[in-house]
Amino acid sequence: MKHEPLAIAMISDFFHPNVGGVENHIFMLSANLIRRGHKVIVITHSHPPDRVGVRWLLPGLKVYYIPFPTIASSATLPNYFTFLPYFRVIIAREHIHLIHAHASLSSLGQEAILHAHHLGVRTVFTDHSLFGFEDAASILTNKLLAAALKNVDAVICVSHTGRENTVLRGQLFEKSEDSSALVVRPNVYVIPNALVAEQFTPATEPVSSETIYIVVLSRLAYRKGIDLLVATAPRICSAFPNVNFIVGGDGPKLNDLLQVRERHLLQDRIELLGPVRHRDVRDVLVRGSIFLNTSLTEAFGIAILEAACAGLYVVSTRVGGVPEILPHDMISFAKPEEDDLIRALSEAVAIVSKGQHDPIEAHQRVKNFYNWGEVAERTEIVYDAVVKSEQKDLWTRMQRTMELGPFAGPIYTIILVVDCLFFLFLEWLMPRQDLDYVQMHWEHDNFRQLAKDAEPKDD
């Protein structure tokens, strides 16, 4: 089905040159939307001293690096109003129809949803993570998310478990027309992640059957269940003399792994690689036969998908959206407990030792399951529904914002009204007719022709 070309702005605190699941998702989705005829730009914060201003990434992706400092984990401080002058100028001069914000912890994304309605621009939000409801940080971020999503046009989640989590955190429900019962808003969608299968091909030569390597690629932090890895690795090494570990990643739990390796004299059994660049992930994966994921919470788990595509058998904790990723004959699940993880790893070692897992077949199955072209096509359907839906006026948005509660409701309504007044002031101070509008866009056919003409000619 052919969709009308749109001008789309991807907005998030998390983007290149940082490396991660959200960053990769934004880039790959943008690249595939460009290939399908849409115009896509990215708006993110700067990375001083060299990543400030406008940059271009292949295949013709324009990136605006706004000069905002970060506070922690590449996230900017919520400010609501400082971003509006930049946002207004960029959206207007680029003729943007729709903004697509990513990640719950992205202040830029949430603020863009607030500002976009002033310009008549439609809004979509994608949530990539799972969060709790009990600790102070979760309570604060959930309230910020609920405020941002009160007036968003559509929400995309990367798994069905993630959808349930986002619906509860963002209060994405409304009263049914037939009764007083609450139902989930119809504009909440599930579109999974994907990968480029050609970048994760299995090893050309079979891995040695004498020694089985268990690969762990993860940020070494509590949320990733590294305490489970610390507890189980020595026991697995003791129970299976032919099993070794390869651990890639960095984080606060690295010292715990170093200590357990020293304590049990496992320097030759547990290899610690440190940080691994994304382009080197495949080369690390194909050294092993089993991939271990010990996360305590996971919305989707792209690392699991990459490992399965590279031909590894997967062992994972049964948390979040992980059970939705692979067929059960390609993965063994365990409770996030030491003894059950030992059981699942022992089961995986037996499967691999008996040759019951075919890496080539696993690669082909994953390649058929997930591809970015299909993700882009499904996202287009969401965009199409959003563009055709009715826009909310200011009064409706104020009423919906007041539903946040007796304290948060009035506070966020005041923020919304002040934001409108600030927008009107900017319209007076810098009229749109005085802006320098973008008239020319990246022409892929012309670029291919220029590249072809630049190739050296054979005499």
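The crossing of α2 and α3 is right-handed, meaning the near helix is turned clockwise from the far one by less than a right angle. Helices here are DSSP runs of H or I with at least four residues, strands are E runs of at least two, and both are numbered from the N terminus.

A word on the source. This is a predicted model, where local features need pLDDT of at least 70, side-chain atom pairs count only at pLDDT 80 or more, and totals for chains, interfaces and linings use all residues. Residues are numbered from 1 along each chain as its sequence is written, and side-chain values use heavy atoms, without hydrogens or water.

Back to the helices. α2 covers residues 83–93 and α3 covers 107–116; they pack at about 65°, axes 10 Å apart. Axes are lines fitted to C-alpha atoms, for helices over the stretch in contact, and angles run from 0 to 180 degrees between N-to-C directions. F83, L84 and F87 of α2 meet L108, E111, A112, H115 and A116 of α3; contact means heavy atoms within 4.5 Å.

Now the sheet. Eight strands form an open, mixed sheet, ordered β3-β4-β2-β1-β7-β8-β9-β12. Strands pair if DSSP finds at least two bridges between them. β3 (53–57) and β12 (188–190) are the edges; each has a single partner strand, so one side of each lacks a neighbour in the sheet.

Inside, β1 (residues 7–11) and β7 (residues 98–102) run parallel, joined by four bridges. I11 stands opposite A101 in β7.

Last, the packing. α2 touches β1, β2 (39–45), β4 (61–66) and β7, at about 160° to β4. α3 lies across β1, β2, β7 and β8 (122–127), at about 155° to β7.
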